[in-house]
Amino acid sequence: MRKVGFLLRCALSADYGGMLRTADTVSKETGRGRMSILADIMRCAVRYGAGFNDYLLCRFYDLTDGQRATYVTRGINNRITAMLNDPEYYHIFDSKSEFYTRFDKYLGRQWLSLSGASPEDLREFMLSRETVIVKPDCASGGKGVERLSRSDFEDIPQMYERLKRDGKGVVEEVLVQHAELDRLFPNSVNTLRIVTILKEDAPHILYAYIRIGNSDRPVDNLHSGGMFAPVGLETGAVMYPAYDKARNTYTCHPCTGVDIQGFRIPYWEEAKALCLRAAKVVPEMRYIGWDVAVTDAGPVLVEGNNLPGYDILQMPPHTPDKIGMLPRFREFVDGI
């Protein structure tokens, strides 16, 4: 019944225009007929819970049915989230000010919630700072994140009014990333996404990857032009070339020329330990993607995500054997 309900919701809210564009893209790449591809997209939706983005980005059109069955799709990830995460606690991860309050000792930086803060509070926070990062309280994908300076404004009251008008929720000091990560790409903080699952015995790390900026924005998010690549859990080294949402592959960074595959993450063991500790703070939320920045002093939390990106490590450059992540999930989650 759960699968039927998911398919019905998908049918009612489907982006049929996006589905047609996907079919056109695949048709041009493969030479197959558009109607045949559309039929296959719908078949994958019914059989594997795959959306058309899964079909395109994971290249389902190049996979056998046996290979397709190993992929974590949108439908499967929704089911895992429903099994492991209690919606009553989503608000802790959806609100940056709530998250920062709960996980303050893991943040490694000063911050100010603008909810209830006065212009005088902002003035005090800015006394020793020229530049800060401002974020909406509830947003994802790097939307609304800005780097602002005191010199951008006539005075602190004007800055305060602008932040309130634009719906910013938190102001925080600028994180200075580790010199090695700065060498990789200096215009954004290049963060790790480390995904944990909390079982009865202990928290476990499911997988990890690095996100690397590639734009003029101070974020590394994929929706803002960033790229990503998996990190070996035992080695802390990037395992494959990076990939982005436009389906470009990068063996080295186009801006810095630094090799991506083989790049070693500083403080890797400490970053894993940080996420395993954080995974026990809200035990009602058992499946979390932690965004971690690495500074010269060690790793710190940036945020936690209650719906981790399931498709990331199933992209073509990262699955040379064409086997998806579902077998890995089944090591820790029964009934999927």
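**Close-ups of a helix pair and a sheet**

**View 1. Helices H2 and H3 lie oblique to each other.** This model is predicted. Two packed helices are described by the angle between their axes and by the distance between those axes. Here, helix H2 spans residues 16-30 and helix H3 spans residues 34-48. Their axes cross at roughly 120° and come within 9 Å. Angles of 65 to 115 degrees count as roughly perpendicular, and those over 145 as roughly antiparallel. The pair is therefore oblique. The crossing of H2 past H3 is right-handed.

**View 2. Side by side: the residues where H2 meets H3.** From H2 come Met19, Leu20, Thr22, Ala23, Asp24, Val26, Ser27 and Thr30. From H3 come Arg34, Ile37, Leu38, Ile41 and Met42. Which kinds of residue make up this contact? Eight are nonpolar, three are polar and two are charged.

**View 3. An open sheet of four strands.** Strands of a sheet pair through backbone hydrogen bonds, in a parallel or an antiparallel way. In this sheet the pairing is antiparallel, and the order is S1-S4-S2-S3. Strand S1 (111-113) and strand S3 (146-149) are the edges, each pairing on one side only. From one strand to the next, the twist averages 30°.

**View 4. Strand S2 pairs with S3.** S2 covers residues 131-136. Four bridges join S2 to S3 in the antiparallel sense. Follow isoleucine 133 across to S3: its bridge partner there is arginine 147.

**View 5. Helix H10 lies across the sheet strands S2, S3 and S4.** H10 is made of residues 156-165, and strand S4 of residues 168-173. H10 runs at about 165° to S3.

Notes:
Residues are numbered from 1 along each chain as its sequence is written. This is a predicted model: local features need pLDDT of at least 70, side-chain atom pairs count only at pLDDT 80 or more; totals for chains, interfaces and linings use all residues. Side-chain values use heavy atoms; hydrogens and water are left out. Two strands pair if DSSP finds at least two bridges between them. Helices (H or I, at least four residues) and strands (E, at least two) are DSSP runs, numbered from the N terminus. Axes are lines fitted to C-alpha atoms, for helices over the stretch in contact, and angles run from 0 to 180 degrees between N-to-C directions. Contact means heavy atoms within 4.5 Å. Angles under 35 degrees count as roughly parallel, over 145 as roughly antiparallel, 65 to 115 as roughly perpendicular and the rest as oblique. A crossing is left-handed if the near helix is turned anticlockwise from the far one by less than a right angle, and right-handed if clockwise. Ala, Val, Leu, Ile, Met, Phe, Trp, Tyr, Cys and Pro count as nonpolar, Asp, Glu, Lys and Arg as charged, and the others, Gly among them, as polar.
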